[in-house]
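Thanks for coming, everyone. Let me walk you through one structure today, starting with a space inside it and then moving out to the fold.

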Amino acid sequence: MTAGAAWDAGVAGVPCIGETVSGDLALLAETAGAWTALLVDVSGHGERAHALCHRLHVLELLAGEPNLVRILERVHAELQGTVGAAAMAAQVVWLGTTAALRYAGVGNVRIWGHQRVAFADEGQPGLLGSGMPGTLRVTERPLEVGDRLVLVTDGVRSEGRKVLQQPYPDARQLAAVMVHGHAGTHDDATCVALQVRRRA
């Protein structure tokens with residue numbers, strides 16, 4: 001990636017069919033050298049799940065905490081004694097004239113990427129609030145202009161990966177196509193999207 005590159009981020013979500021609110025929570029933060037996202041999927045859906053995910057107080061943590069493991073540990077601590085949640089934290093970090101993607105997760109929140117080599121991954125087995133893995137794994141991948149990636153909750157069907165095969169005018173549209181075109185019927189569906197583009 002050249003120094004003239006930039007990222008473009010967007011979020012979209014829909015509640016489970018029959019519900020008016022979602023139990024998913026997507027947070028984004030940007031600093032001079034990094035972009036960080038957190039996607040949380042509280043167990044269940046509807047009013048109770050919605051209330052629980054909005055009880056989390058981690059937004060201020062994203063902008064000031066470069067350690068993805070500590071972000072997830074914070075979510076785990078805040079969810080102790082509740083039904084729990086799956087979550088994934090991802091970060092794009094500038095490394096001079098290049099950039100890297102780092103991510104870590106627990107549970108069935110997934111990350112899909114379309115790069116020189118497409119990839120799909122999900123969090124480690126467990127549940128934040130009750131079943132945190134003993135050691136959290138952080139995966140790192142290089143990023144280049146043209147790369148696209150999404151974090152999705154399990155309410156987005158796996159066929160949605162095909163959406164990544166082409167670029168969109170902005171990441172908000174990519175996220176919207178993902179959830180409105182590929183949401184299932186059993187759960188809330190939320191997508192955090194990122195496109196790496198050339199700086200205008």
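First, a working definition: on a 1 Å grid over the protein atoms alone, a cavity is a set of points where a 1.4 Å probe fits but cannot get out, and lining residues have an atom within 4 Å of a point. Grid points are joined across faces, edges and corners, and a volume is the space filled by probe spheres set on the points.

Please keep in mind that this is a predicted model, where local features need pLDDT of at least 70, side-chain atom pairs count only at pLDDT 80 or more, and totals for chains, interfaces and linings use all residues. Residues are numbered from 1 along each chain as its sequence is written, and side-chain values use heavy atoms, with hydrogens and water left out.

So, how many cavities of 30 Å³ or more are there? The count is one, and the largest cavity holds about 40 Å³ of space. Around it you'll find Met-88, Tyr-103, Ala-104, Gly-105, Asp-121, Glu-122, Gly-123, Arg-137 and Thr-139. By class, that lining has three nonpolar, three polar and three charged residues; here Ala, Val, Leu, Ile, Met, Phe, Trp, Tyr, Cys and Pro count as nonpolar, Asp, Glu, Lys and Arg as charged, and the others, Gly among them, as polar.

Which strand gives the largest share of the lining? That is E5, with three residues. Helices (H or I, at least four residues) and strands (E, at least two) are DSSP runs, numbered from the N terminus.

Now follow E5 into its sheet. The open sheet has five strands in the order E2-E3-E4-E5-E8, with antiparallel pairing, where two strands pair if DSSP finds at least two bridges between them. At the edges, strand E2 (24-30) and strand E8 (139-143) each pair on one side only. Strand E4 (residues 85-95) and strand E5 (residues 98-106) pair over nine antiparallel bridges; Ala-87, for instance, has Val-106 in E5 as its bridge partner.

Stepping back, the protein chain has four helices and ten strands. Its C-alpha atoms fill a box of roughly 45 × 35 × 25 Å along the principal axes.

Definitions and conventions
On a 1 Å grid over the protein atoms alone, a cavity is a set of points where a 1.4 Å probe fits but cannot get out, and a pocket is an open set with protein on both sides within 12 Å along at least five of seven lines; lining residues have an atom within 4 Å of a point.
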